[in-house]
Amino acid sequence: MSSDDLICSKKMARQNGIVQPLLTDLYQITMAYAYWKSGKVNDVAVFDLFFRTNPFQGEFTIFAGLEECLKFLENFHYSDSDIEYLTQTLPDNIEPEFFAYLKDLTCKDIKLSAIEEGSVVFPRVPLLRVEGPLITAQLLETTLLTLVNFASLMATNAARYRMVAGKHVSLLEFGLRRAQGPDGGLSASKYAYIGGFDGTSNVLAGKMFNIPVKGTHAHSFVTSFSTLDDVSSVALKHAQTQEPCNLLELASEWRKKVSSVIDISPEEASDGELAALISYAIAFPSGFMALVDTYDVKRSGLLNFCAVALALNDCGYRALGIRIDSGDLAYLSVLARATFEQIADAFELPWFCKLTIVASNDINEETILSLNEQGHKIDSFGIGTHLVTCQRQPALGCVYKLVEINSQPRIKLSQDVGKVTIPGHKEAYRLFGADGHALIDLLQRSSEPAPEVGQKVLCRHPFQESKRAYVIPSKVEHLYKVYWQDGRVCIKPKPLLEVRERVQSSLRTLRQDIKRSLNPTPYKVAVSDDLYNFIHDLWLQNAPIGELS
């Protein structure tokens, strides 16, 4: 490992301190002892990590969390204090040799194959395939699930917001205060960015993951000012000449001029709000983004903002825009844009009509769709609660199932066909149609030859005999790459920005009807004819034969 890789590894470990072998369910460790006691130390297993249903009533999911899984494998080791805790916690009859076995356990014999992070994925297709010693692979289950479940859910949620908002609207994640704890907040910021958001209010996430940080000010800043006498510093140096400008005098004069243009009396506007905006502008003359709904957007906020923005212009600075955090967002955004256009025309300032309008206030996917229908004039959405808590569906439901032991396939049966597992060591391929769009994902036994471009492939529903079709792919993509083997990372995780770009490029491979919000078309996942027969033969071998009396 190079010195750069070593530094990167140490940095990753530092950022990921809470993710350790004891971040697991107790039954993983009790099973490990039972395996050990049963002489299964040398057994070799294959586990698949997958999900059964797409979230948010949609027909696609974004795979995320792979980088964190690799960090976990890299740092997997039971510390002395871990072993001490387990000896105190587990039953007294557990043999001391088992704890010595755990103490020496690492992931050097594990092989992890995965779909590329940021890819669009579908139910039943394994996201991760874990191969190696049964006990070690079993001990990884809970931690891998917690690393993939929320990450993929968040990235998918963010990607859905990006699709409904459109390419030209900025999306900002404002959810830290409403997230499920500090770690949930950090993860939400990271995976919202991967899913297509442009920035976060979370400063620590900005530092850790190099995500652009954005923010304005709160209503408390505005309400902390009562009158214009509260403006303690009125001087601002001109951006070019460095001559002092009295921003309070300039803003007061501009408020009178603006009031006549937009037909709002200065007496209706709040002097405390004007004092707050002047003070904020003096603090951030090049980054003046003001919250304008503390009292009344129409009769106070817009008037005071425009006055301060024009005063800043006199001092050689350009304001950025406004944020609206309550009320009828469609109406108020249209009003604000019309006001900016009036000012631009009245004072011959073309840039003024292009000021940014940011909207927040409990926004969800349906809110944005509704605002689109109403012809809003919003440039940027600040989204918190519904995004970071995934309120519409709070869990993805990934599972981790044993599919092979000592080269022998294993199947889990259920009266609920949806919970029957697809056994054995498998490969996954994405087949593309003549129009260039992804057509179907195909699971095959690893012993089968890969499908080829231009060659007819029989694709079957895994459980419904009559559902089958021939596909002649124009392109075949093998979905799995080996990311961890022989105790090291084989493929270095890509930077967040590249994973973010991967999400959008992967989504572009899907037809629009699969991605739409209302009644999307299901994407097909199939098995080869060989795997279909293999599943059903194994099913019959393992299903108990009932007796009628």
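This is a predicted model: local features need pLDDT of at least 70, side-chain atom pairs count only at pLDDT 80 or more; totals for chains, interfaces and linings use all residues.
**The nonpolar cores**

Let's start inside. The largest nonpolar core has 168 residues, and those with the most contacts inside it include Leu128, Leu140, Phe288, Phe305 and Phe352. Helix H7, spanning residues 141-165, gives the most to this core, with 13 residues. In soluble globular proteins, nonpolar side chains tend to be buried together.

For a close look at one member, take phenylalanine 352. Leaving aside residues up to four places away in sequence, Phe352 touches Cys306, Ala309, Leu310, Phe340, Ile343 and Ala344. There is also a second, separate core of 8 residues, among them Tyr429, Leu431, Leu442 and Cys459.

The model has an open sheet of 6 strands with parallel pairing, in the order E7-E6-E13-E12-E11-E10. Strands E7 (199-200) and E10 (289-291) are its edges, each pairing on one side only. Another open sheet, also of 6 strands, runs in the order E19-E18-E23-E17-E16-E20 with mixed pairing. Here the edge strands are E19 (468-471) and E20 (475-478), and the twist averages 35 degrees from one strand to the next.

| Strand pair | Sense | Bridges | Residues opposite each other |
|---|---|---|---|
| E6 (residues 170-173) and E7 | parallel | 2 bridges | glutamate 173 and threonine 200 |
| E18 (residues 457-460) and E19 | antiparallel | 4 bridges | cysteine 459 and alanine 469 |

Helix H19 (residues 529-542) lies across strands E16 (426-432), E17 (438-445), E18 and E23 (524-528), and runs at about 80 degrees to E23.

**Helix H15 and its ends**

Which residues of helix H15 are buried? In this helix, residues 365-373, they are Glu365, Ile368 and Leu371. These residues are on the same side of H15, because they cover an arc of only 125 degrees around the axis. An α-helix has 3.6 residues a turn, so residues three or four places apart point the same way. The buried residues of H15 pack against H7, helix H14 (329-346) and strand E13 (380-383).

Both ends of this helix have something to look at. Asparagine 364 caps the N-terminal end of H15, with a side-chain oxygen 3.1 Å from the backbone nitrogen of glutamate 366. Just after H15, glycine 375 takes a positive phi of about 70 degrees.

Methods:
Residues are numbered from 1 along each chain as its sequence is written. Side-chain values use heavy atoms; hydrogens and water are left out. A nonpolar core is a set of buried Ala, Val, Leu, Ile, Met, Phe, Trp, Tyr and Cys residues joined through side-chain atoms within 4.5 Å. Buried means under 20% relative accessible area, exposed over 50%, partly exposed in between (1.4 Å probe, protein chains only). Contact means heavy atoms within 4.5 Å. Two strands pair if DSSP finds at least two bridges between them. Axes are lines fitted to C-alpha atoms, for helices over the stretch in contact, and angles run from 0 to 180 degrees between N-to-C directions. The arc is that of the directions from the helix axis to the C-beta atoms. A polar contact is a pair of N or O atoms within 3.5 Å; within protein, one must be able to donate a hydrogen and the other to accept it, and residues adjacent in sequence count only if both atoms are side-chain atoms.
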